[in-house]
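Biologist: Please walk me through how to read this model. Take one feature at a time.

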Amino acid sequence: MTTGPAEVFDLGYQPYEGGRTTRWSRRRAIWRDGIRISFGLGRGAGAKFAPWLLIALALVPAAVLVVISAFTSPTAADPDDFELPSYAEYYGFAMVPLGLFAAIVAPLLICPDRRDGVLSLYAARPITPTDYVASRWAAFLTVATATAWLPEAILFTWNGLDAESTGSWLGDNWDVVPRFLLAGATVAVVFTTLSLLTASLSSRRAYAAVATLAVLFVGSAVGGIAEENFTGPVSDAVSLASLPQALEDSVRWIFGEDLSERPLPGSVSFLWLVGLTLVLAVALQRRTAGLVRG
Amino acid sequence: MALLHARDLTKSYGSVRALDGVSFEIEPGITGLLGSNGAGKTTSLKLFMGLLDPDSGSVEVLGADTRSSPEYRTRIGYAPEHDCLPLSVPAAEFLAYMAEVSGLPRTAARLRASDVLRHVGLFEERYRAMGTYSTGMKQRVKLAQALVHDPVLAFLDEPTAGLDPLGRREMLELIRRVGREFGISIVISTHLMGDVERTCDSVIVLDAGRVLRTGAISGFVEETETLEVELVEGAAELAAELERQGLAPRLDGSRLTLEAVSGEDYDTLRDAIVDSSAVLYRLAPSRLSLADVFTPVVAAVDEAEAEGSGV
């Protein structure tokens, strides 16, 4: 049997004759892309370094504490020798890596699109500018919320397994789950909205990150000075400028802790964060819509 | 059937009127939107894509009012003049993503991305980050992302900007292929008459926010067809004979020029050469370029405006 030389046939241009997706699918595509960017997936090692380092900073302490607890609790003479932090305390600790994560990683979802001129391509697609920014916001919120929830989930799981009777422990502590979900979502929503808004104000990632950190640190300083050195309703209101403190108070309020030593009730801090986030979200939508439309 | 209807479009930015009541239609094929900087080309494109709302008038693209839902953009492609590519991402990944955002399912988007990159000559380089591409390759990716979702109509803003002569020729050839072989209608916004002349079937000439002229390219150049006749001897006798036959030759030494010639004029010329015993050296038709056609018109309009405003 003989065979002839191989031939390559050019079929020419093939028009697309399949179905088209809905606008929700297009939004999902932008959301998925945002998640990939947040984790540095499909990019070089450099793009993965910052997000995974900061996620590890938020996560590893919980894992280490659980391991220490696992080794110490069976041998400890007094069960109170080593105690895991409370869920609210852990959020207080995780606030720093979560804030850094938002400040450094969130700009990746908007600044490169702006710097490279990709926004003009989104403008020509069958989506609105609000679709774009809402999908990006939802993408980073997904990542930030998961990062906030995961250590709490580890602590909760270990506490359940470490209990004498896991079933009865779950019956007594089931209400912790909605509390840590709400607390994590609150922290993530505030950090996501703030960091994406500052990202929309600059095409340079570094500037956006510094701006977010400046808002957090300067606000903390102003709020701290007002709280430490003054008394009265004005200083109480100014103390809300410290977003990390307002978040910590809100988290403690969500977990039902006593906040009598704080100048304002936890519910006020929570409502302040809700209102502030709505204002930031409107500003983010308007700013990004303007950028997309060119 | 026209793909795009613009009706009495007016758009101002503050006191500057970018478009002043323009109306035109864009038919299937390759259309040039020709004009100098500030003529209103970019504003027109933004109105076509619904990124701007007109102060008055309306734009209908593929039967949809551009102020309605963005859904009509599933059938629209756009390649901007400026840089628009994420340099750290491979072309195949970026095109697949853009196809998905344009309304293609995920699997189809990946297949189309590779296919379109093959058509623009970047199949081998499709997994390389676009930051490593040359200017010509980036222009091809810009064209590819405008085509990846198989649009009916694609808007290309200055597609040859920044290209060397060879790259420019290749890009114009590619655009011609897209228009003729792929069946995708193209609107090229450019200030380069040569690009329009080489590529387009029809042209819309904008000047200072108004439509100067619209129509088929062939119509413009046929109107301006001339015949150059070069003679060894007997040029004056031939000119006299042609005048007797009712033509109006322009005599320049041993050369005659006949303007706006028709098929019958060739027969008249042949007979006149025989009757006048002139010795023919060369006979050649020639056409004016678009630049020859429009540059005097634009200059005349500008002059008239300057006089009208007392400048």
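**Reading the contact and the folds**

Modeller: Start where the chains meet. The contact takes 28 residues from chain A and 33 residues from chain B. Keep in mind that this is a predicted model.

Biologist: Which helices of chain A each supply at least two residues of the side that touches chain B?

Modeller: They are α1 (23-39) and α5 (119-123) of chain A. The largest share of that side of chain A comes from α1(A), with four residues.

Biologist: How many nonpolar, polar and charged residues does the side of chain A that touches chain B have?

Modeller: It has 12 nonpolar residues, nine polar and seven charged.

Biologist: And how is the size of an interface often given?

Modeller: As the accessible area lost when the parts come together. Here we work with residue counts: 28 from chain A and 33 from chain B.

Biologist: Next, the fold of chain A. How many helices and strands does its secondary structure come to?

Modeller: The count is 12 helices and zero strands. Along the sequence the pattern reads α-α-α-α-α-α-α-α-α-α-α-α.

Biologist: What does the C-alpha trace of chain A span along its principal axes?

Modeller: About 85 × 60 × 35 Å.

Biologist: What percentage of the residues in chain A is buried?

Modeller: Buried means 20 or more other C-beta atoms within 10 Å. In chain A, 38% of the 294 residues are buried.

Biologist: And how do I read its contacts along the sequence?

Modeller: Look at sequence separation. Take the contacts in chain A between residues at least 6 apart in sequence. Of these, 76% join residues at least 24 apart.

Biologist: Where is A208(B) found?

Modeller: A208(B) sits in the loop between β9 (202-207) and β10 (210-216) of chain B. A208(B) has a positive phi of about 50 degrees and is not a glycine.

Biologist: Why does A208(B) count as partly exposed?

Modeller: Because A208(B) has 18 C-beta neighbours inside 10 Å, and buried would take 20 or more. D8(B) is partly exposed too, with 13 other C-beta atoms within 10 Å.

Definitions and conventions: Residues numbered from 1 in each chain as written. Chains lettered and ligands numbered in written order. Predicted model: local features only at pLDDT ≥ 70, side-chain atom pairs only at ≥ 80, totals over all residues. Buried ≥ 20, exposed ≤ 12 C-beta atoms within 10 Å, placed from the backbone. Contact = placed C-beta atoms within 7 Å. Nonpolar A, V, L, I, M, F, W, Y, C, P; charged D, E, K, R; others polar.
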